[in-house]
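I opened the model to look up a few local features. My entries follow in the order I made them.

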Amino acid sequence: TTIPTITLHDGTAMPQLGFGVFQVPDEGAQASVATALEAGYRSIDTAAIYGNEAGVGRAIAESGLDRDDVFVTTKLWLDGLSREGVRPALEASLERLGLERVDLYLIHWPAPATDAYLAAWEGMEEIRELGLARSIGVSNFLPEHLDRVAALGGSVPTVNQIELHPALRAADIEAANRARGIATEAWSPLGQGSVLGEPAIAAVAAAHGVTPAQVVLRWHLQQGRIVIPKSVTASRIRENLDLFGFELTADELAAIDGLDRDGRTGPHPAEFN
Ligand code: NAD
């Protein structure tokens with residue numbers, strides 16, 4: 001399987017399809033990342049708060065793959081949201097991962113009750129300069145937060161990782177990202193499984209002889225987003241990578257767009273502090 005890459009605005013090439021490990025304990029993360037790398041995934045999405053960076057790191061080390069062939073993302077938790085907080089938080093993540101740098105480091109949430117995320121962005125630029133992360137971005141940022149970051153006058157985040165799936169289309173945020181040259185990465189791309197029983201998705205799946213999860217992931221890919229589906233089940237891990245032998249029509253994409261209904265699974269970014 002050749003996974004397409006997206007070129008971020010700083011020139012970094014990021015696989016468009018990666019593997020997520022939210023809510024997977026450390027040992028299980030090691031096992032599922034090992035399965036994912038074996039299946040052909042080359043991008044892994046973790047976070048300090050997930051408590052499984054060590055397991056992710058062991059799986060990468062034991063895979064035998066060259067470090068440069070695996071794209072690793074981790075995230076800065078709220079306790080590191082200050083200019084001085086970023087470097088020690090990332091160094092602790094790198095220690096757990098057993099890596100010298102990550103490919104992408106994200107501010108996990110803006111926590112906009114204070115402006116700390118703005119100071120943290122300056123810390124993010126420092127760790128990139130130090131070579132501790134190849135690329136820096138954000139997660140769960142609303143357009144107003146992106147504008148505040150841009151007003152600092154430094155660099156623009158390369159990626160905004162947001163909740164986005166058929167039941168939460170987030171078209172306004174995606175458009176705001178695009179207007180700023182920021183790649184949109186969909187978290188909970190399957191709506192944590194909540195959208196897989198939709199009749200409209202089942203109909204498209206039947207038409208192509210694929211599964212509902214494959215339809216939803218293909219919808220994301222054809223609309224240009226980066227996706228990081230999660231599973232701990234080997235057959236599903238492989239299924240979620242098998243997306244390159246069929247293509248959805250414009251009408252099918254539109255039918256899935258029509259499922260948008262504020263079906264948020266996680267917190268609202270304006271309210272999570
Ligand atoms: P997801 O949308 O990837 O759904 C995962 C769930 O869908 C699985 O637990 C399983 O129940 C089901 N599933 C997966 N593959 C399936 C298949 N082929 N057939 C049937 N059911 C299937 O949800 P997620 O784990 O919340 O999100 C993916 C990743 O996004 C996470 O692992 C994490 O890396 C990232 N994430 C980031 C944030 C953030 O705040 N930045 C928040 C949540 C998740």
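Predicted model: local features only at pLDDT ≥ 70, side-chain atom pairs only at ≥ 80, totals over all residues.

Which of the 26 residues around the ligand come nearest? I noted Gly20, Phe22, Leu190, Ala213 and Lys230.

Residues are numbered from 1 along each chain as its sequence is written.

I sorted the shell around the ligand into 9 nonpolar, 13 polar and 4 charged residues. Here Ala, Val, Leu, Ile, Met, Phe, Trp, Tyr, Cys and Pro count as nonpolar, Asp, Glu, Lys and Arg as charged, and the others, Gly among them, as polar.

Next I checked strand β6 (residues 102-107); 6 of its 6 residues are buried, meaning 20 or more other C-beta atoms within 10 Å of a residue's own, with C-beta atoms placed from the backbone. Strands are DSSP runs of E, at least two residues, and helices runs of H or I, at least four, numbered from the N terminus. Strand β5 (residues 71-76) pairs with β6 in the parallel sense over 4 bridges; pairing needs at least two DSSP bridges. I found Leu104 in β6 as the bridge partner of Thr73.

Last I looked at Gly64, in the loop between α2 (53-63) and β5. Is Gly64 buried or exposed? Gly64 is exposed because 7 other C-beta atoms lie within 10 Å, and exposed means 12 or fewer.

Terms used
Near = placed C-beta within 6 Å.
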